[in-house]
Amino acid sequence: MSSARTSLGRTVAAHAVLIAYTVIALFPVFVILINSLKTRKAIFGDPLALPLGKSFDLVGYQTVMKQGDFVLYFQNSMTVTVASLFFVLLFGAMAAFALSEYRFRGNTLMGLYLALGIMIPIRLGTVAILEMMVASGLVNTLTALILVYTAQGLPLSVFILSEFMKSVSNDLKNAGRIDGLSEYAIFFRLVLPLVRPAMATVAVFTMIPIWNDLWFPLILASAEQTKTVTLGAQVFIGQFQNDWNALLAALSLAIVPVLVLYLIFSRQLIRGITVGAVK
Amino acid sequence: MGALELKAVGKSFGKTEVIRGVDLTVEDGEFCVFVGPSGCGKSTLLRIIAGLEDASAGDILLDGQRINDVAPAKRELAMVFQSYALYPHLTVRDNMGLALKQAGVAKAEIAAATDKAADMLALGPLMDRRPAELSGGQRQRVAIGRAIVRRPKLFLFDEPLSNLDAALRVATRIEIARLHRELAATMIYVTHDQVEAMTLADKIVVLRAGRVEQVGAPMQLYNDPDNVFVAGFIGSPQMNFLKAAALGEQGETLGIRPEHLEVSRKAGRFAAQISHVEKLGGETLVYARSETHGLLTTRLFGEHDFAVDETVHLTPLAERGFRFDAEGQRMR
Ligand SMILES: Nc1ncnc2c1ncn2[C@@H]1O[C@H](COP(=O)(O)OP(=O)(O)O)[C@@H](O)[C@H]1O
Ligand SMILES: [Mg+2]
């Protein structure tokens, strides 16, 4: 950077602000991580102390590994999150393409209707959803969760992606049509790569609530073989006593997969922004 | 091979009528230019011909076949866009070959066709680059190459030069004229720039608000415009429009080209005050304001010294003028 536009004072100030923000944002995660590695006494004795010497204890992780089938819970969470994400992105992008590309009667109304879900929480329909799942025999299956989460994620996905797709050059799509690409090829090969940053954004915003959700797994899929991590971790919360070591260990472990997914998407985000598009 | 005919073609977006009953014939091998101000419907008409937009009314015929319901890819035409519209993820070679690949042409044949087009446009060294690695002028040449590779019956150009700088614009214009001679193909070219229209066209179609104002060869439009709009649009600097009554002429308006308006310090038909002078070396443009006629332009050959605010006398060469009635139609 040129020295004409920066001064030491300003650089220091900017970094101080950024570091302060990072510390504040990461502090809860940090507390969970250090306490998951401590003895129960140490957790309550001095929650902010580092797990050093006597206070260091892996009992939480040992409990998690012994109790219940946490590997299966992780698999369930992963399956549900990835499958829901896939459908949210695929169907969201398809609907967005139709809304942004084709002129048909009721186009705007349809767009509004599809975006309405952003404002209305899907949990309001829990009873009806449960009745539907019972009627179709999907209770205690991962399919039930995937269906619900797909429905939950679609409104935001359609809304964001259709705005982005409107900005994709019409000439490019028309060039494809003249060169004999089908509408599907135009969608998958020309438009999707150009809206990849938007897809990554949608993916991140969709993924986190799904991974963290407790409500629907509890109601729709609470059987042992369909438990997700967040639901599985609830066994450590008792009516009279919580197993804090195990709970914190489970939460720490639960951070890892989302972190990996996030890193993948954020790389897409950056790559999409830096690759020159049409011009 | 490549004669286009439009019969009463119309297009509405909802309630707004954008193209109103266009009748037009483009002969095989002709270079036809659609010209008109921005928003007059040139691109829309071109997209209707390409099949990217459905006509609301009328027929489009290519070589006598009605093609209203034929898909764009099956119309045997190629289009060059103002924004180049190259596929960002493909190399220049693949950009140029995509249409043939989609049509199921053999690989060797595609390679031969792309290489030949690359030779014509001197694109050889760029073939393995991606569009992001090319300059604007190179991108436009690739876009033109992509059109050539298909050997279409009809080339469609939508303002292909407007994103290029002035020098490149002239060079590419010459290139397009050369391609037209070499390929002997029918070309339809859209521009809002009347200089491009005059220099390239066999036939100019002047459009205004979705209607054809006049069709003809460049010099025909220049020397024999049908109405005030065409007279004002074709020719640069613009034609002067004088109040006919004040000059004792018949009709409403007298159109005089800048070269047919004489300037004198001593005597003339009416007085005017010079507001601006542009010396271009070979010619001098003098802008003068008259009480009755408003701002007028005159063009003198060679160098002339006039001062701003100087009062001069102007004399229109009435026998070189065009007379228009109150509706703006030419009186012959
Ligand atoms: N898809 C569309 N929907 C509604 N109006 C349109 C659409 N495309 C073009 N128009 C209108 O049609 C008119 C002609 O547009 P266009 O053909 O692009 O003009 P030009 O190319 O001559 O500048 C403009 O007024 C424009 O607003
Ligand atoms: Mg246009």
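Counting over all chains of this predicted model, the rule finds 27 salt bridges. A salt bridge here is a side-chain nitrogen of Lys or Arg within 4 Å of a carboxyl oxygen of Asp or Glu. Two of them are set out below.

| Salt bridge | Closest N and O atoms |
|---|---|
| A:K166 with A:E163 | 3.4 Å |
| B:R150 with A:D179 | 3.8 Å |

Let's take the pair within chain A. Both A:K166 and A:E163 sit in helix α7 (residues 142-166) of chain A, 3 residues apart, which is about one turn of the helix. Helices (H or I, at least four residues) and strands (E, at least two) are DSSP runs, numbered from the N terminus.

**Where the chains meet**

The other pair in the table links B:R150 to A:D179, and the interface of chain A and chain B has 2 salt bridges by the rule. There are also 7 residue pairs in polar contact between chain A and chain B, with both residues at pLDDT 80 or more. A polar contact is a pair of N or O atoms within 3.5 Å; within protein, one must be able to donate a hydrogen and the other to accept it, and residues adjacent in sequence count only if both atoms are side-chain atoms.

On the side of chain A that touches chain B, α8 (170-178) and α9 each supply at least two residues. The largest share, 7 residues, comes from α8(A). Sorted by class, that side has 8 nonpolar, 5 polar and 6 charged residues. (Ala, Val, Leu, Ile, Met, Phe, Trp, Tyr, Cys and Pro count as nonpolar, Asp, Glu, Lys and Arg as charged, and the others, Gly among them, as polar.)

In total, 19 residues from chain A and 26 residues from chain B take part in the contact, where contact means heavy atoms within 4.5 Å. How much area do chain A and chain B bury between them? It's about 1,900 Å², with 60% of it on carbon and sulfur atoms. Buried area is the accessible area (1.4 Å probe) that two parts lose on being put together, summed over both.

**Inside chain A**

Chain A has 13 helices and 0 strands. Its C-alpha atoms fill a box of roughly 70 × 70 × 30 Å along the principal axes.

Now look at helix α4 (residues 70-101) and helix α9 (residues 183-194) of chain A: their axes come within 12 Å and cross at roughly 110°. Axes are lines fitted to C-alpha atoms, for helices over the stretch in contact, and angles run from 0 to 180 degrees between N-to-C directions. So α4(A) and α9(A) are roughly perpendicular to each other (65 to 115 degrees counts as roughly perpendicular). From α4(A), A:L90, A:A93, A:M94 and A:F97 meet residues of α9(A), including A:Y184, A:F188 and A:L192. By class, this contact has 10 nonpolar, no polar and 1 charged residues.

**Two spots in chain B**

B:S236 and B:P237 are joined by a cis peptide bond, with omega about 0°. B:P237 lies in the loop between α8 (228-233) and β11 (240-243) of chain B. B:D63 isn't a glycine, yet has a positive phi of about 50°; B:D63 lies in the loop between β4 (57-62) and β5 (65-66) of chain B.

**Reading the names and values**

Residues are numbered from 1 along each chain as its sequence is written, while chains are lettered from A and ligands numbered from 1 in the order in which they are written. Local features need pLDDT of at least 70, side-chain atom pairs count only at pLDDT 80 or more, and totals for chains, interfaces and linings use all residues, while side-chain values use heavy atoms, leaving out hydrogens and water.

Note on methods: Angles under 35 degrees count as roughly parallel, over 145 as roughly antiparallel, 65 to 115 as roughly perpendicular and the rest as oblique.
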